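Good morning, and thank you for making time for this. I would like to walk through one model, going from individual aromatic contacts to strands and then to pockets.

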Amino acid sequence: MKWSINLLLAAFLLTGCNGSHAYTKINKDEAFLATVNIKDTSLTFIDEDYHPFAEWDMAEPFTGALLLADKDTILLYGKEMEEVQVFSLSAGKRIKSWKTGKGIVNMQLLHDGKSIVAVNQSDHSIYFMNGEGEKQHVVKVGKSPLTVLQGEKANRLYVINFGDTKCTVINLETKKVDFEFPIHSSSTGTLLREEQDEIWIGGHGDGDHVEEDLYIYSATTGKLKKKLKAPTMPIKFLESDEGIYVLSHGTSSLYKLNGKYEEVERKVVGVNPFEMASFKKDVVVAGYDSDEIYVMDAKTVDVKQTIKVGEGPFQLLLRE
């Protein structure tokens, strides 16, 4: 009897270690806004009426997530994780894992809906992967790459190297570096405006220097075109029909600019905001230290609603 009980306990423990934990199933037809909460390693799912309807408490030290083209498969990754964990939202469970090694700090789905870009800070590389997590190409870039952005017209991938003073531009057809251009140090946050031949880049600042400007470079040549005041630490940009929004981490403020780059609205929002997205024509801001999402009117940038989520919302995922 004791032997049988011990065997059952061992089987139970092994099952738990193999990732069979079940989570709330997310219907494939259900639109949502999800927060990736990195302090308590959880995901909070919010419906179109801004009501939280599911919470996934995870055991992985993830720092980011990526929703794939099928709108059901979600990848969880982190710099200290040896593997990318692959989950099915509709099944509410982990379905597989990809061995990548440590260092993954960002993952993006390319416009073809099939190729995945993974940013590895440990070996200062960009991995091009297929839908099965297999590496197809590896491209060396600058120190501590962080942000990647794909162009709509030119078939390029812009890589912002946080630990370097250069932007690496990769040709997506050849998977080789086309050119690099100098940028300011500790850069993060980008907005690509190809019609205007602009790439906007923000940042935190370096050492004792706190970044007070955002920089606008030519997307085709890399030449600095303009600097705009955006105090303090502009780290996220968003453009819509209403204007251009700049989220400044240092002042916990959201700035709205018009087509002439003039500030037309400004509001203090959240505590240590890191992330911003457009959902249902609203501007949504995540407050990292207040553990809340702020739903803001796109015209006035007034706060319409606040929503409690998990601890440390660091990224937003959308399925509309």
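**Aromatic contacts, strands and pockets**

F314 is partly exposed, with a relative accessible area of 32%; by the convention used here, buried means under 20% relative accessible area, exposed over 50%, and partly exposed in between, with a 1.4 Å probe and protein chains only. Before I continue, please note that this is a predicted model, in which local features need pLDDT of at least 70 and side-chain atom pairs count only at pLDDT 80 or more, while totals for chains, interfaces and linings use all residues. Residues are numbered from 1 along each chain as its sequence is written, and side-chain values use heavy atoms, with hydrogens and water left out.

Let me begin with the aromatic rings. A pair of aromatic rings is described by the distance of the centres and the angle of the planes. Here, rings of Phe, Tyr and Trp (its six-membered ring) pair if their centres lie within 6.5 Å; planes under 30 degrees apart count as stacked, over 60 as edge-to-face and the rest as tilted. By that criterion the structure holds 15 aromatic pairs.

One of these is formed by Y23 and F87, an edge-to-face pair with 6.1 Å centre to centre and 70° between the planes. Y23 lies in the loop between α1 (2-17) and β1 (32-37), whereas F87 is in strand β6, so the pair ties together parts that are 64 residues apart in sequence. Helices (H or I, at least four residues) and strands (E, at least two) are DSSP runs, numbered from the N terminus. Y23 counts as buried at 15% relative accessibility, and F87 is buried as well, with a relative accessible area of 4%.

The second example is the pair of Y288 and F314, which is edge-to-face with 6.1 Å centre to centre and 70° between the planes. It links distant parts of the chain, with Y288 in the loop between β27 and β28 (292-296) and F314 in strand β30, 26 residues apart. Y288, at 18% relative accessibility, counts as buried.

Y23 and F87 also belong to one aromatic cluster, together with F32, F45, F53 and W56. K25 counts as exposed, at 60% relative accessibility.

I turn now to the strands. What is the order of strands in the open sheet of four? The order is β4-β5-β6-β7, with antiparallel pairing; two strands pair if DSSP finds at least two bridges between them. β4 (64-67) and β7 (93-99) stand at the edges with a single partner strand each, so one side of each is left without a neighbour in the sheet. From one strand to the next, the twist averages 25°, where axes are lines fitted to C-alpha atoms and angles run from 0 to 180 degrees between N-to-C directions. Strand β6 (residues 83-88) is joined to β7 by six bridges, and F87 stands opposite R94 in β7.

Strand β17 (residues 198-203) is mostly covered, with six of its six residues buried. In a regular strand the side chains alternate between the two faces of the sheet. For β17 both faces are covered: E198, W200 and G202 on one side, and I199, I201 and G203 on the other, are all buried. β17 pairs with β16 in the antiparallel sense over six bridges, and G202 in β17 is the bridge partner of T188. In the hairpin of β16 and β17, which has four residues between the strands, D197 takes a positive phi near 55°. β17 also pairs with strand β20 (residues 213-217), antiparallel and over three bridges, where I199 stands opposite Y217.

Finally, the pockets. On a 1 Å grid over the protein atoms alone, a pocket is an open set of points where a 1.4 Å probe fits, with protein on both sides within 12 Å along at least five of seven lines; lining residues have an atom within 4 Å of a point. About 2,000 Å³ of space lies in the largest pocket, a volume being the space filled by probe spheres set on the points. Of the 50 residues that line the largest pocket, the closest to its centre are N106, Q108, K236, E275 and Q315. The largest share of this lining, six residues, comes from β22.

The second largest pocket holds about 170 Å³ of space. Its lining includes L238, D241, Y245 and K281, and β22 and β27 (282-287) each supply at least two residues of it.
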